[in-house]
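Q: Please take a close look at the side-chain contacts in this structure, with attention to charged pairs and aromatic rings.

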Amino acid sequence: MIALRHRTRCARLTAAVLLAFVLAIGPATAGTVRIGVLKFGTVAWELDVIEAHELDKAEGFDLEVVELAGKDATTVALQAGKVDVIVTDWIWVSRQRADGADLTFVPYSTAVGGVMVPADSDIHSLADLEGKRLGIAGGPVDKSWLILRALAERRHGMDLAATVEEVFGAPPLLNQQILLGRIDAVINYWNYMAQLEAEGFRTVVGVEEAARELGISPDLPLLGYVFDESWADAHRDDVLAFVRASRRAKELLLESDSEWERLRPIVRAPDEATFRALREGFRRGIPTKWGEAERASAERAFALMAELGGEKLVGNSRELQAGTFWPHVTY
């Protein structure tokens, strides 16, 4: 009981500190799009390209990047109206809309994770994970974990959650654990997978492969730019200009190795192999299409997530909420 009270006080203190921080962020000027991001996150690479090449100015708006300390800080800043845009997933957006929020989503990345093991591991399929220590980033309702559980049920009739020893942890910690041999396999985010790839690790099953087999488009963007719909309707030209600048930045990152050389200091790769793996991983995650087919695939994915993740993941509604995707962006 004492420990529970301590955790509750800590949670309240953390929330208070986050709120105090975001309230210190000043108001935006007209024609400005403020985006809250993690200082060392991969989103910062794209935003740096926009700023370095003045793609925002070319599109007629000013981009203001607000660096925040963590994912919770970004959501608090958005909900407090201190930033206009953050990057998160559309499942969270649907959950917020079910609770009365006015948030909506446009795609940012299709990059997802998968199961990785050392090159000499005897694990070659999901069935081989039985009895193994499996590291899982993001917790019990991580989207990649749920999709891979669904695939294991379809392929092998097994519930991975009941047959592996689950080890939940932060992405960098899990990479360290598997490098030290303390866990047998890991499900991690794409950029941490790239780091393991550079160390010679191999992928057993990728989430893209799992999604395809489950009838979900492998090109479905999970992460996107998220903003308040009423704000977007009032600043439609600025939002569309931001989306165009984002697409132009992605084109540069897809086509130009020299642009990546310019970004090398903020990519912070420890060696050349990791740098190349991060570059190619980012490129693979650039969305190539977004329309009715992808939105329909999202509905199927949401139903699957709701079945496996339940209320902890999707909240009160088992249906993808209308308006989750901003209707003014297709390609």
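This is a predicted model: local features need pLDDT of at least 70, side-chain atom pairs count only at pLDDT 80 or more; totals for chains, interfaces and linings use all residues.

A: The following account treats the salt bridges and then the ring contacts.

Residues are numbered from 1 along each chain as its sequence is written, and side-chain values use heavy atoms, with hydrogens and water left out.

A salt bridge is defined as a side-chain nitrogen of Lys or Arg within 4 Å of a carboxyl oxygen of Asp or Glu. The whole structure contains 23 salt bridges. One of them joins arginine 248 to glutamate 59, at 3.7 Å from N to O. Arginine 248 belongs to helix α12 (residues 236–255) and glutamate 59 to helix α3 (residues 55–59), so that the pair links parts of the chain 189 residues apart; helices here are DSSP runs of H or I with at least four residues, and strands are runs of E with at least two, numbered from the N terminus. Burial follows relative accessible area: buried is under 20%, exposed over 50%, and partly exposed in between (1.4 Å probe, protein chains only). Arginine 248, at 35%, is therefore partly exposed, while glutamate 59, at 19%, counts as buried.

A salt bridge also connects lysine 143 with aspartate 89, whose closest N and O atoms are 3.1 Å apart. The former lies in helix α6 (residues 143–156) and the latter in strand β3 (residues 85–89), 54 residues apart. Both lysine 143 and aspartate 89 are buried.

Arginine 279 and glutamate 280 meet at 2.8 Å, N to O, in a further salt bridge. Shared partners join Asp257, Arg279, Glu280 and Arg283 into one network of salt bridges.

Turning to the rings, those of Phe, Tyr and Trp (its six-membered ring) pair if their centres lie within 6.5 Å; planes under 30 degrees apart are stacked, over 60 edge-to-face, and the rest tilted. The search finds 14 aromatic pairs. Phenylalanine 61 and phenylalanine 242 have ring centres 6.2 Å apart and planes at 80°, so the pair is edge-to-face. Phenylalanine 61 is buried, as is phenylalanine 242. Tryptophan 90 and phenylalanine 325 are likewise edge-to-face, because their planes lie at 70°, with centres 5.8 Å apart. Ring pairs also link Trp45, Trp190, Trp260 and Phe282 into a cluster.
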